[in-house]
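Student: Please take a close look at one part of this structure, the salt bridges, and explain which side chains they join.

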Amino acid sequence: MGETHPSHHQNHKLELIKSIKPFKCDGCKEMGVLKSYRCEKCDFDLHKYCMFNKPITHHEFYENCTFNFFDQPPGRKCCKRYCNACGKPVKGFVYHCKEKDLDLHPCCRNLPRKVEVDNVEFDLRDDGVLDKECLWCKKRKLEGSVSGVRGWSYESKCEEYHFHVYCANEMVVEEFKKDQKEMILLEGCKNESNNNNNNDDTSSGLDVALKNMELPIEGDRRRRRSGKKKYIMIAKMFFKAFVGILLGDPTSSLVCLLVELLAN
């Protein structure tokens, strides 16, 4: 049974579907993977957090701030707005605090304060300046965002892993772009296999992207081979959990994460 959403003016019901290929959310206009609430007839997709947005919300990083939901960025169209979590432009659905002039994408609003991977704990920070350089951009302070917003970051308590939210997102998006052909081939093979075996288990394009991802650390000779292998494994599993949450499907990404941890 599907559900309607006021942003879909045709009033068709949106069905929760699995998808290998990335999609563009018609709510926040950001990329999505794994699952979407979709109207096939209209080619319309929403992230989970865009589908089930709240009229009013709060965030513990911003005390005494009330965020109201808007289906379009508030203010003049000529004045661009940027998410205070990831630093990317706000193009559609957004939570906005008028008093402090703050903006959060719906999926960014739901990033967890803590993520644990193989006993490595990651904490979400809002000061935008890492204690050590980011694994991706190699800088402590975010400079890749055109907005100039410092944004949020994740750091591990063991002080081995450091990522800007913006960089972690960009890293995986780049892998999706590179691996789209492989994802389409994978989808065709899976569909044929499912038709033959009546099995609806679908591999994710996220698996393909992360499998092929080359982290900067992979070319670093300073780490011992065994230590580097585990370092890369934990980093990739963290990205899998992170991107699943950021792009709207926290449950399946965390389940896959637990399966991988048990397998290793």
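Tutor: A salt bridge is a side-chain nitrogen of Lys or Arg within 4 Å of a carboxyl oxygen of Asp or Glu. This is a predicted model, in which local features need pLDDT of at least 70 and side-chain atom pairs count only at pLDDT 80 or more, while totals for chains, interfaces and linings use all residues. Residues are numbered from 1 along each chain as its sequence is written, and side-chain values use heavy atoms, with hydrogens and water left out.

There are twelve salt bridges in the structure. One of them pairs the side chains of arginine 38 and aspartate 43, at 2.9 Å from N to O. Arginine 38 has a relative accessible area of 14% and is buried (buried means under 20% relative accessible area, exposed over 50%, partly exposed in between, with a 1.4 Å probe and protein chains only).

Another salt bridge joins arginine 81 to aspartate 101, at 2.2 Å from N to O. Arginine 81 is in the loop between strands E5 (67-70) and E6 (94-97), and aspartate 101 is in the loop between E6 and strand E7 (102-104), so this pair ties together parts 20 residues apart in sequence. Strands (E, at least two residues) are DSSP runs, numbered from the N terminus. Arginine 81 is buried at 16% relative accessibility, whereas aspartate 101 is partly exposed at 47%.

Arginine 81 also meets the side chain of aspartate 103 in a salt bridge, at 2.9 Å from N to O. Here aspartate 103 belongs to strand E7, and the pair links distant parts of the chain, 22 residues apart. Aspartate 103 is buried, at 2% relative accessible area.

Finally, salt bridges with shared partners join Arg38, Glu40, Asp43 and Asp45 into one network.

Methods
Helix = DSSP H or I, 4+ residues; strand = E, 2+ residues; numbered from the N terminus.
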